[in-house]
Amino acid sequence: RRELPPFDKVAAAQTAFRAEPAAIPRHVKTRPLKDLSWSTLRLWRDCPYRTLLERGLALRAEEEVRDEFGKKEYGSIVHAVLAEVLAEGHACREALTEGDVEGATSLLNEAARDAFLPGAAELPVRRLWLESFLRIVPMLASTEAKRMAEWTPAALEVGFELPLVRLVDWVRDRAAALDIEPAVALPAELPAYADTVVLKGVVDRVDRAVAGDSSAVIDYKTGNVPANKRVLELEDLQLPMYALAVETGAVSGTAGPVGEGFFYNLDEKTFGPTLNRGNPPLDGDDELLVHAAFELVRLALGAADPDAVHPLLPRAAAGEVSGALPCKWCDLRGSCRIEERCPTPAVAVQLDKIVNAREVTG
């Protein structure tokens, strides 16, 4: 204990670490990324190194088993209730189609109680979440009755698998027809691994126009809702990805071009479709879908590349995005030693706030 720490060796090791390339290569075998959801692609875009740890190496923070009912469980039940009452042949859907708001409200209340109350004796909080949902039921019934005059549900909670090569064929044909150049050109020939890459997801709802062959893509939200601006600026590609799955025929039970797409906010205070001056984020703009498809292909090729390198926060380092760093929600933060690799002063300041906030609050 009387000997001093080997400061010279510590300093030399830190200097060597900082001198390593920002793009971190893999040193061990990892799981290939072939099935890609939007959440995986978003993770890759924001921090490829975190993608390597979480998806490639399957590292996870230690899970704590808790017997509770929270926002996530609430959202799952709400999705299930809406899928049930809007299914073809259900009395609630028939009431909505006929414009019977009162009858539809009663049937929605009944379906909600059947879904929420089982298990309420062990978890009384389920009753509180039920009351929260029942408060939006009248608004929900009224909104749906008006929508049924122009649209009818064609697919509910449907999973899809969209092969990347099919999306590439679609976007090349559509871009050529519209004379659109991508921001980043695709390779003339796709790499061999592209044949095994599939975009996956679950579409909450696809409506079909009563008159015509147009489709509408809807994503329910019981939590945070992305701003329309993020969709239009290709920051949030969830809706465009779902729309492309419909356009390419990857979603069973749907057909026709996507005429609109929006998030459906199921929060009591901000209830309703997320429209901007009456317009949905997706309004049949083929050009927007083409650019979104190019970006999805670019991200998928990068995430699935077996020889990929994994830089830390590349967009934040380049000053391309604003707002909170993804490190705020990363359970593996610190294993990357990001504090020692701070690429810019601005990122260093944000990291300092995140680290201190977590350590002080425990």
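Student: Leu-57: buried, partly exposed or exposed?
Tutor: Leu-57 is partly exposed, at 31% relative accessible area. Buried means under 20%, exposed over 50%, and partly exposed in between, using a 1.4 Å probe and protein chains only.

Student: What kind of model is this?
Tutor: This is a predicted model, where local features need pLDDT of at least 70 and side-chain atom pairs count only at pLDDT 80 or more, while totals for chains, interfaces and linings use all residues. Residues are numbered from 1 along each chain as its sequence is written, and side-chain values use heavy atoms, leaving out hydrogens and water.

Student: Where does Leu-57 sit?
Tutor: In the loop between helix 3 (48–56) and helix 4. Helices are DSSP runs of H or I, at least four residues, and strands are E runs of at least two, numbered from the N terminus.

Student: Which residues form the nonpolar surface patch?
Tutor: Val-28, Leu-57 and Leu-59, with about 230 Å² of accessible area together. Patch residues have over 30% relative accessible area and no salt bridge; nonpolar side chains (Val, Leu, Ile, Met, Phe, Trp, Tyr) are joined within 5 Å, like charges within 9 Å. A salt bridge puts a side-chain nitrogen of Lys or Arg within 4 Å of a carboxyl oxygen of Asp or Glu. Areas come from the Shrake-Rupley method with a 1.4 Å probe; for residues, only the protein chains shown count as cover.

Student: New topic. Why does Glu-144 count as buried?
Tutor: Because its relative accessibility is 3%. Glu-144 is in helix 7 (residues 125–147).

Student: What polar contact does its side chain make?
Tutor: One with the side chain of Tyr-264, at 2.9 Å. A polar contact is a pair of N or O atoms within 3.5 Å; within protein, one must be able to donate a hydrogen and the other to accept it, and residues adjacent in sequence count only if both atoms are side-chain atoms. Beyond four places in sequence, Glu-144 is in contact (heavy atoms within 4.5 Å) with Leu-86, Leu-96, Arg-205 and Tyr-264.

Student: How many aromatic pairs are there?
Tutor: Eight. Tyr-74 and Phe-116 form a tilted one, 5.9 Å centre to centre with 40 degrees between the planes. Rings of Phe, Tyr and Trp (its six-membered ring) pair if their centres lie within 6.5 Å; planes under 30 degrees apart are stacked, over 60 edge-to-face, the rest tilted.

Student: What does that pair tie together?
Tutor: Tyr-74 lies in helix 4 (residues 71–85) and Phe-116 in helix 6 (residues 101–116), so the pair ties together parts 42 residues apart in sequence. Both Tyr-74 and Phe-116 are buried.
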